[in-house]
Amino acid sequence: MMSKVSEDDIKQLLHTDAEKAFRMIIDRYGSKLYWHIRRIVIVHDDADDALQDTFINAWKNIGSFRNESSLFTWLYSIATNEALSLLRKKEKERGIALDDLEDFFAGSVEGSTWFDGDEASARLQNAILKLPEKQRVVFNMKYFNDMSYEEISEALGTSVGALKASYHHAVKKIEKYIQTD
Amino acid sequence: MKPEDEIKNSNPFKVPDGYFENLTDRTMSAISKIRKEEETVEKRPARKVSLRPYLALAAAIVGFAVIATVMIRLVTGPVKDNAGNYTTELYSDLALEDIDTYLIESELSQAGVTENPELDETVSSEAIIDYLLQENVDVDDIYALL
């Protein structure tokens, strides 16, 4: 039923019944945003926290949302920031530098309560976790979420050229990791 | 399907049962809670908080003054003036109008002005006419009034 409601309809409804519109936003984008966040923070509880914070921040700042922008990319932008902020917070709490987080997560992915992948999936996830932060985010958005470079550019505020370079480097590193692992 | 597509389309992560079914309600509940907190903060009058200690201090001072006055009167009793009269008794029966009259009369007395019935009679009609003429009042009007 929700798929029949367009993004423009939701934008219009935001002006008249913000709560109802926001329910539609969560129904429509909640799952996609969760998986985007989950692939960055890996742990379910962290993903849930970041997702809640994403929607709360979106609610607080809905007044500053420009109607000509895409609601979808605006939410992705907030979700990405929340996910990365949570990673940095964890980094401080655990005293682990961000560059070394992949070692922490690499050990935790396969042992995670909520990980149910086969060996190939685990190897891919470990390879992704070896990537630098920016490349990891760009790779996830492009590869798993099928977002265009233009959409990623709007969400992350990075030029399309830089994004293409990041994705290219990410793919090369992942291929190398999987071949040598 | 290529092996890489299989990896892409397979999701290795799991979520608790019913997680997405409850997501909207849980999130809206969290937002509603925040909205209520924000409304409470907005409704709370900032000045009331800042004035509260001053109001308490003022109430304490007034209370102390009342208690102190009652205690002094109970301990000392009525006060005598220079003439040996009890001051509280002297003024207690007087209305405010009487006091005003007394004060005006005493001021006039101090200025040397006294009631003199003969003084009024010494002012003649001619003197009044002269005065009015000096004030440029029309003659016809003066005689009309007299």
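Visitor: What share of the 181 residues in chain A is buried?

Guide: This is a predicted model: local features need pLDDT of at least 70, side-chain atom pairs count only at pLDDT 80 or more, and totals for chains, interfaces and linings use all residues. Residues are numbered from 1 along each chain as its sequence is written, chains are lettered from A and ligands numbered from 1 in the order written, and side-chain values use heavy atoms, leaving out hydrogens and water. Buried means under 20% relative accessible area, exposed over 50% and partly exposed in between (1.4 Å probe, protein chains only). In chain A, the buried share is 49%.

Visitor: How many helices does chain A have?

Guide: Helices are DSSP runs of H or I with at least four residues, strands are runs of E with at least two, and both are numbered from the N terminus. Chain A has 0 strands, and its count of helices is 9.

Visitor: How many nonpolar residues are in the contact of α2(A) with α3(A)?

Guide: The axes of α2 (residues 18–41) and α3 of chain A lie 9 Å apart at an angle of about 145 degrees. Contact means heavy atoms within 4.5 Å, and the α2(A) side includes A:F22, A:I25 and A:L33, with A:L51 and A:F55 among the partners in α3(A). Ala, Val, Leu, Ile, Met, Phe, Trp, Tyr, Cys and Pro count as nonpolar, Asp, Glu, Lys and Arg as charged, and the others, Gly among them, as polar. By class, this contact has 3 polar and 4 charged residues, and its nonpolar count is 14.

Visitor: Is A:I42 buried or exposed?

Guide: A:I42 sits in the loop between α2 and α3 of chain A. Its phi is near 70 degrees, positive in a residue other than glycine. Most residues other than glycine have a negative phi. With a relative accessible area of 1%, A:I42 is buried.

Visitor: Is A:D146 buried or exposed?

Guide: A:D146 lies in the loop between α7 (133–144) and α8 (149–156) of chain A, and its phi, near 55 degrees, is positive. At 54% relative accessibility, A:D146 is exposed.

Notes:
Axes are lines fitted to C-alpha atoms, for helices over the stretch in contact, and angles run from 0 to 180 degrees between N-to-C directions.
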